[in-house]
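Reader: I have a structure to go through with you. Shall we begin once it is on the screen?

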Amino acid sequence: MLSLQVDLGQRSYPIHIGVDLIDRGDLIAAHVAGPSAVIVTNTTVGPHYAGRLEAALRAVGKQVSTIVLPDGEQFKHWETLNLIFDALLAGRADRKTTLLALGGGVVGDMTGFAAATYMRGVPFVQVPTTLLAQVDSSVGGKTGINHPLGKNMIGAFYQPEAVFADVGTLATLPSREISAGIAEIIKTAAVADAGFVDWVEDALPDLLRGDTDTLAEAVRRSCEVKARVVAEDERESGLRAILNLGHTFGHAIEAGLGYGEWLHGEAVGCGMVMAADLSARLGLLADADGDRLRRLVEAAGLPSRAPKLGEDRYIELMQGDKKAEGGDIRFVLLKSLGEAVITRVPEDELRATLATTS
Ligand SMILES: NC(=O)c1ccc[n+]([C@@H]2O[C@H](COP(=O)([O-])OP(=O)(O)OC[C@H]3O[C@@H](n4cnc5c(N)ncnc54)[C@H](O)[C@@H]3O)[C@@H](O)[C@H]2O)c1
Ligand SMILES: O=C(O)C(=O)C[C@@H](O)[C@H](O)[C@H](O)COP(=O)(O)O
Ligand SMILES: [Zn+2]
């Protein structure tokens with residue numbers, strides 16, 4: 001096992017990365033202050049892993065119950081969130097109850113938001129089981145749900161007590177989901193670490209075949225970058241927005257097609273290619289670097305051609321982006337593979353990118 005730290009003063013927390021961590025009741029229970037824990041999972045992950053996590057916590061004397069949510073991005077909304085509240089209230093969960101998010105980013109984002117708001121805040125622990133959740137969503141405290149008009153539009157910044165990234169759980173993850181996780185790895189590298197981009201290119205075959213050591217190294221390197229950015233700008237008043245590379249386009253694709261049609265990682269992969277096109281068009285990024293990013297996205301098994309939603313529809317959806325100010329869309333663009341910049345963009349250049357990439 002190896003460990004990193006997210007430095008946020010009194011709200012600092014560890015990220016543990018290793019194999020079979022969900023069996024480590026001793027380590028996990030150290031972040032369950034009261035006598036009770038409630039595992040929140042879904043119908044796919046629960047049958048694989050909830051029993052092991054329950055047994056591990058009971059073995060160290062914790063009372064444990066489990067809430068099972070429907071599976072899918074299309075269920076990341078109010079009604080599903082309410083299922084968590086219904087079960088917590090029916091089970092008389094109190095303020096000392098710790099929630100454990102066992103699953104991918106959807107379970108993690110909803111469990112975190114439930115923890116932020118149940119009785120005005122109870123502790124929660126992230127136990128991410130997708131590559132995407134281990135490299136990105138379990139870290140940093142962005143929690144929330146989708147709205148038909150926009151992605152992650154209702155939520156809270158609320159940090160977990162700890163993150164346990166058990167890379168052994170990735171053995172049951174479908175290959176399409178591995179590719180989706182690689183999209184966020186590429187993003188993290190592209191905005192902050194040129195050496196990491198080189199590493200991802202070399203490691204890609206091993207990542208795609210699910211080699212445990214390579215996956216663990218990708219989780220470590222990604223979390224190292226994310227922890228650094230979050231420690232500097234927890235609430236995205238500036239720097240943290242670089243972690244949104246590809247998301248302005250990507251969120252428009254997700255909402256425009258209907259949540260769950262494309263995976264979040266697929267939309268981000270394609271969104272990065274669109275952002276690179278726009279960066280090159282504005283003279284910020286060399287064409288060769290844009291091509292290199294597109295080749296990496298495609299080699300990772302991700303789409304690089306955007307769906308045809310129509311230019312006006314894309315623009316309408318992107319105007320609702322959380323980075324927009326007074327209706328002006330702000331984009332995370334690239335100056336090189338390893339350095340990002342956040343800027344407004346002339347509409348004709350944006351339309352040119354939409355026309356050529358979709
Ligand atoms: N909070 C953040 O900072 C942040 C960052 C990135 C993404 N996100 C959010 O995360 C979500 C995407 O997360 P995701 O890609 O993990 O999707 P997901 O949570 O939908 O999980 C993907 C699929 O894999 C299944 N699954 C999970 N673990 C498994 C395992 N070990 N074995 C077999 N199947 C498994 C899930 O049930 C689901 O069907 C999006 O809603 C996105 O907005 C949030
Ligand atoms: O942690 C962040 O900050 C990110 O932007 C990470 C993204 O990968 C993630 O998809 C996040 O949920 C997007 O945030 P949003 O504020 O644009 O909804
Ligand atoms: Zn993302």
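Reader: By class, how many nonpolar, polar and charged residues does the shell around ligand 2 have?
Author: The model is a predicted one. By class, the shell around ligand 2 has 7 charged, 4 polar and 1 nonpolar residues.

Reader: Which are the residues around ligand 2?
Author: They are Asp136, Gly140, Lys142, Lys151, Asn152, Glu184, Glu236, Arg240, Leu243, Asn244, His247 and Lys322.

Reader: From which domains does the shell around ligand 2 draw residues?
Author: Domain 1 (2-172) and domain 2 (175-357) each provide at least three residues of that shell.

Reader: Turning to ligand 1, which residues come nearest?
Author: Thr44, Gly104, Gly105, Thr130 and Ser137 come nearest, out of the 30 residues around ligand 1. Two or more residues of the shell come from each of these elements: α2 (45-58), α4 (105-117), α5 (131-137), α6 (175-192) and α10 (264-281).

Reader: And how do the residues of that shell around ligand 1 divide into nonpolar, polar and charged?
Author: There are 15 polar, 8 charged and 7 nonpolar residues in the shell around ligand 1.

Reader: How far apart do the C-alpha centres of domain 1 and domain 2 lie?
Author: The distance between the C-alpha centres of domain 1 and domain 2 is 25 Å. Their contact involves 32 residues from domain 1 and 31 residues from domain 2.

Reader: A change of topic: what feature does UniProt place at residues 181-324?
Author: The UniProt record, an unreviewed entry, gives "domain: 3-dehydroquinate synthase C-terminal" for residues 181-324. In the model, this stretch of the chain is 69% helix and 0% strand, with its end C-alpha atoms 26 Å apart.

Reader: How many helices and strands does the protein chain have?
Author: The protein chain has 13 helices and 11 strands.

Reader: Why does the radius of gyration of the protein chain agree with a compact globule?
Author: The protein chain has a radius of gyration of 20 Å, whereas a compact globule with 358 residues would have one near 21 Å, so the value agrees. The C-alpha trace spans about 60 × 40 × 35 Å along its principal axes. Of the 358 residues, 50% count as buried. Among contacts with a separation of 6 or more, 75% are between residues 24 or more positions apart.

Reader: Is leucine 263 buried or exposed?
Author: Leucine 263 is buried, because 22 other C-beta atoms lie within 10 Å, and the cut-off for a buried residue is 20 or more.

Reader: What does leucine 263 touch, not counting residues up to four places away in sequence?
Author: Leucine 263 touches Arg176 and Ala180. For alanine 189, which is 74 residues apart from leucine 263 along the chain, the C-alpha separation from leucine 263 is 20 Å.

Definitions and conventions: Residues are numbered from 1 along each chain as its sequence is written. Chains are lettered from A and ligands numbered from 1 in the order in which they are written. This is a predicted model: local features need pLDDT of at least 70, side-chain atom pairs count only at pLDDT 80 or more; totals for chains, interfaces and linings use all residues. A residue is near a molecule or strand if its C-beta atom, placed from the backbone, lies within 6 Å of it. Helices (H or I, at least four residues) and strands (E, at least two) are DSSP runs, numbered from the N terminus. Ala, Val, Leu, Ile, Met, Phe, Trp, Tyr, Cys and Pro count as nonpolar, Asp, Glu, Lys and Arg as charged, and the others, Gly among them, as polar. Domain bounds come from an automatic or database domain assignment. UniProt positions are given in the numbering used here, feature names are shortened, and annotations may be inferred rather than shown by experiment. The radius of gyration is taken over C-alpha atoms; the globule rule is 2.2 Å times the number of residues to the power 0.38. A residue is buried if 20 or more other C-beta atoms lie within 10 Å of its own, exposed if 12 or fewer, and partly exposed in between; C-beta atoms are placed from the backbone. Two residues are in contact if their C-beta atoms, placed from the backbone, lie within 7 Å.
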